[in-house]
Amino acid sequence: SNPHSLNNISQNSTKKIKEVRNKILKYVNASPELYDCIFTSGTTHSLKIIGEYFNWNINNKFIYTVDNHTSVIGIREYALNKGSTVKVIDFNKENKLEIISSFKNDKINNNNNNNTNNSQKDNYNLCVFPAESNFSGKIYNKELIRNVKNEFGLNTIFVYDVAKFISTDKLDMSNNLIDIIPISFYKIFGFPTGIGVLIIKKSITKHFNKTYYGGGTVISNSAYKNFHIKKNNFVQKFEDGSPNYISIIHLDKLLDKNNINTLYIKKICYYFLQKILDLKYNNNKKLCKIYDIDTQYKLEEFLIKHGTIITFNLLTITGKRINFKEVEKLLN
């Protein structure tokens, strides 16, 4: 039953949802004392919430790696519309931070912007990079956030996009370095679809301001005058309408299984990589061009520094790239 009532069945649902929240935090080794767990429809919805509710202003920055998911880069529209500066970064082979690009919305008049009087607590930056690249499988260690904070200041909130990584690897948040992660559960278990979470550190929730309120997020409101009282609980304020309680309850048993065999999956990928590296035409030209991976990796290095995606183009005998659509058509 919908958990927004006081009858026994509804209260059972409320209790079960709370149990699943705690189980999700345990799944990623995040302390329930330090982190909250907000149910969303998936990773993209979670990232949209971050962009929509973060306290953007002309004094703060949105920082992201050039290698990032489209749903992350889309956050910059919120930042630019509020006068924030966008910084695009990358890490070289020695993990040194490099600023690739910097820009802001020139149409925003800083002198007249009503964000200029923001208090110091609102001048926090937001940084996002993936745990594993959706494009190439390259691993971005969470420790790199220390490099970011050295460059842009300790007032930088760190969002770790683990959507791809967590489907084939274990995430450990026990060192509390990560501030926010988004998750889609179908990417881990294949089922259920349309359910995810935003795990967020309680200490940074003050930097997010939500305007809209829907069913279940208010204690009281009036249709006759401008009056409403939102619930004090941060999680309840962010979950508009009825939660996807049937899918949430399904997660309970799935989270118990915890049967991702990371080593097995990565060994298959490494085997595949070695095989395609050896493929050549009769004229000794390589068949495959491989992206964003050190082809000299030994297995032990590969297991640490790379994920479970190998990205490549097939080449013709003269070295021209074959359009991926042509390859897809042939395979189909």
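Modeller: Start with asparagine 68. Its side chain makes a polar contact with the side chain of threonine 65, at 3.0 Å. The side chain of asparagine 68 also has a polar atom 3.2 Å from the backbone oxygen of valine 128. Keep in mind that this is a predicted model.

Where does asparagine 68 lie? It lies in the loop between strand 2 (61-65) and helix 3 (70-73). Is asparagine 68 buried or exposed? Its relative accessible area is 14%, and buried means under 20%, so asparagine 68 is buried. Now set aside its neighbours within four places in sequence. Asparagine 68 is then in contact with Ile73, Val128, Phe129 and Pro130.

Phe129 leads us to the aromatic rings. The search gives 15 aromatic pairs. In one of them, the rings of phenylalanine 91 and phenylalanine 129 have centres 5.8 Å apart and planes at 75°. Planes over 60 degrees apart count as edge-to-face, so this pair is edge-to-face. The pair links distant parts of the chain. Phenylalanine 91 sits in strand 3 (residues 85-91), and phenylalanine 129 sits in strand 5 (residues 125-130), 38 residues apart. Phenylalanine 91 is buried, at 5% relative accessibility. Phenylalanine 129 is buried too, with a relative accessible area of 0%.

Another aromatic pair joins tyrosine 270 and phenylalanine 302. Their centres are 5.3 Å apart, the angle between the planes is 55°, and the pair is tilted. Tyrosine 270 lies in helix 10 (residues 262-277) and phenylalanine 302 in helix 11 (residues 299-305), so the pair ties together parts 32 residues apart in sequence. Both tyrosine 270 and phenylalanine 302 are buried. Rings also gather in a group: Phe54, Trp56, Phe62, Tyr64 and Phe208 form one aromatic cluster.

Next, the nonpolar cores. How many residues does the largest nonpolar core have? It has 43 residues. Those with the most contacts inside this core are Ile24, Val28, Leu171, Ile181, Ile183 and Ile199. Helix 1 (residues 8-27) gives the most to this core, with five residues. Look at leucine 171, again leaving aside neighbours within four places in sequence. Its contacts include Tyr27, Val28, Phe165, Ile178 and Ile181. A second, separate core has 27 residues, among them Ile38, Ala79, Ile204 and Phe234.

Helix 1 also meets helix 9. The buried residues of helix 9 pack against helix 1, strand 1 (35-40) and helix 7 (186-189). Which residues of helix 9 are buried? They are Ser247, Ile248, Leu251, Asp252, Leu254 and Leu255. Helix 9 (residues 245-257) bends by about 25° at leucine 251.

Asp252 brings in charge. Side chains of opposite charge can pair when their charged atoms come close. Asp252 belongs to a network of salt bridges that also links Lys16, Glu19, Lys23 and Asp256. The whole structure has 13 salt bridges.

Take aspartate 179 and lysine 201. They form a salt bridge, with their closest N and O atoms 3.2 Å apart. This pair links distant parts of the chain, 22 residues apart. Aspartate 179 is in the loop between helix 6 (165-168) and strand 7 (180-184), while lysine 201 is in strand 8 (residues 196-201). Aspartate 179 and lysine 201 are both buried.

Now take lysine 325 and glutamate 328. Their salt bridge has its closest N and O atoms 3.5 Å apart. These residues are three apart in helix 12 (residues 324-331), so about one helical turn separates them. An α-helix has 3.6 residues a turn, so residues three or four places apart point the same way. Lysine 325 is partly exposed, with a relative accessible area of 47%. Glutamate 328 is partly exposed as well, at 40%.

Glutamate 143 has a relative accessible area of 33%, so it counts as partly exposed. Arginine 146 is also partly exposed, at 44% relative accessibility.

Conventions: Residues numbered from 1 in each chain as written. Predicted model: local features only at pLDDT ≥ 70, side-chain atom pairs only at ≥ 80, totals over all residues. Heavy atoms only, no water. Salt bridge = Lys/Arg side-chain N within 4 Å of Asp/Glu carboxyl O. Buried < 20%, exposed > 50% of the residue type's maximum accessible area, 1.4 Å probe, protein only. Helix = DSSP H or I, 4+ residues; strand = E, 2+ residues; numbered from the N terminus. Polar contact = N/O pair within 3.5 Å; in protein donor to acceptor, adjacent residues only side chain to side chain. Contact = heavy atoms within 4.5 Å. Core = buried A, V, L, I, M, F, W, Y, C linked by side-chain atoms within 4.5 Å. Bend = angle between axes of the 7 residues up to and from the residue. Phe/Tyr/Trp six-rings, centres within 6.5 Å; stacked < 30°, edge-to-face > 60°.
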